[in-house]
Amino acid sequence: MSKLEQGMAARFTKIADNGWFPSEINSDHHHLRVVVEALNPGPGMKILDAGCARGRYLKALLPSGAAVFGIDLTEVFVRDARRNVPGVPLALGSLVNLPYADASFDAVYCIEVLEHIVEIPAAIREFARVLRPNGTLVIVSKSSIGLHPRTFIPSALWKRWHEVRGDWMYNAEFPFREGWFHPEEFREFLKTLFESAETIPLSEPGARTAPLVRLFPRLAFEAAWIARKPISE
């Protein structure tokens with residue numbers, strides 16, 4: 001774990017109980033739905049939650065019968081996840097150096113985590129490495145060109161405003177700012193490592209921007225990227 005990653009883990013520990021990191025997720029949550037629809041989890045599958053926090057997605061997928069695994073950078077989250085999903089194999093570590101063998105998993109998902117990774121290409125390469133042939137990667141994050149679902153403010157401006165106010169994930173003194181992803185540019189990057197990749201605009205249920213997003217999907221505040229590894233390499 002790098003010095004910056006250690007600082008990030010300390011920051012997450014400090015804000016762990018501010019309400020951003022729950023232990024449960026509603027079965028109809030739009031992030032969970034896109035994971036389930038993309039992966040179709042079931043018995044015989046091995047699935048990795050990359051950045052599992054307190055394990056809410058792991059808990060939601062357990063009834064499917066899939067073998068689920070989780071890893072997170074922050075010790076307090078891994079400790080809480082062990083209580084939340086007892087018996088699920090969990091690891092404390094970095095997403096740029098996954099402690100798993102090549103071709104270990106049928107699927108990897110990374111929900112609202114990749115934007116906090118310092119070396120994003122290295123993390124994507126690790127996801128590809130641990131995926132089996134024909135494996136699936138699901139990433140959910142904010143779009144750099146979307147509109148905030150309630151204020152209609154462009155996402156980049158909305159994020160910057162909160163950073164200036166000091167009420168964002170990282171304070172002004174912290175030497176890192178998470179980046180959000182351009183839907184098409186990130187999809188094309190994934191295609192350099194995977195056989196195929198697609199972008200799915202995501203609209204929060206009840207969002208004021210929903211009618212506009214239906215007309216102009218690129219304005220969605222969030223996106224999911226689904227990439228497939230080649231059947232053989």
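**Close-up views of the predicted model**

**Figure 1. Within helix α4 (residues 75-84), the buried residues are V76, F77, V78, D80, A81 and N84.** Buried denotes a relative accessible area under 20%, exposed over 50%, and partly exposed the range in between (1.4 Å probe, protein chains only). The cover over these α4 residues includes α1 (3-14), α3 (56-61), β2 (67-72) and β3 (90-92). Helices (H or I, at least four residues) and strands (E, at least two) are DSSP runs, numbered from the N terminus. The model is predicted, and residues are numbered from 1 along each chain as its sequence is written. Local features need pLDDT of at least 70 and side-chain atom pairs pLDDT 80 or more, whereas totals for chains, interfaces and linings use all residues; side-chain values use heavy atoms, without hydrogens and water.

**Figure 2. Strand β1 (residues 46-50) pairs in the parallel sense with β2 over 5 bridges.** Here A50 has I71 of β2 as its bridge partner. A right-handed β-α-β crossover takes the chain from β1 through α3 to β2; right-handed means that, with the strands pointing away from the viewer, the path from the first strand over the helix to the second runs clockwise. Pairing requires at least two DSSP bridges between the strands. β1 also pairs in the parallel sense with strand β4 (residues 105-111), over 3 bridges. L48 has bridge partners in two strands: V108 in β4 and F69 in β2. Of the 5 residues of β1, 4 are buried.

**Figure 3. Strand β2 is mostly covered, with 5 of its 6 residues buried.** Its pairing with β3 is parallel and comprises 3 bridges. D72 is bridged to L92 in β3. From β2 the chain passes through α4 to β3 in a right-handed β-α-β crossover.

**Figure 4. F186 lies in helix α7 (residues 183-191).** The relative accessible area of F186 is 6%, and the residue is therefore classed as buried. Leaving aside residues up to four places away in sequence, F186 touches L114, I120, I124, I139, F181 and W225, contact being heavy atoms within 4.5 Å.

**Figure 5. Helix α5 (residues 120-130) is mostly covered, 8 of its 11 residues being buried.** The buried residues of α5 are I120, A122, A123, I124, E126, F127, A128 and V130. Elements that cover them include β1, β4, β5 (131-142) and α7.

**Figure 6. A network of salt bridges links D17, R54, R79, D80 and R83.** A salt bridge places a side-chain nitrogen of Lys or Arg within 4 Å of a carboxyl oxygen of Asp or Glu; by this rule the count is 15. D80 is buried at 11% relative accessible area. The closest N and O atoms are 3.3 Å apart in the salt bridge of R79 with D80, and 2.6 Å apart in that of D80 with R83. D80 and R83 both belong to helix α4, 3 residues apart, about one turn of the helix. R79 is partly exposed at 44%, whereas R83 is exposed at 57%.

**Figure 7. R150 and E204 meet through their side chains in a salt bridge (3.4 Å, N to O).** This pair links distant parts of the chain, 54 residues apart: R150 is in the loop between β5 and α6 (155-165), and E204 in the loop between β6 (196-202) and α8 (210-215). R150 is partly exposed, at 44% relative accessibility, and E204 is partly exposed, at 32%.
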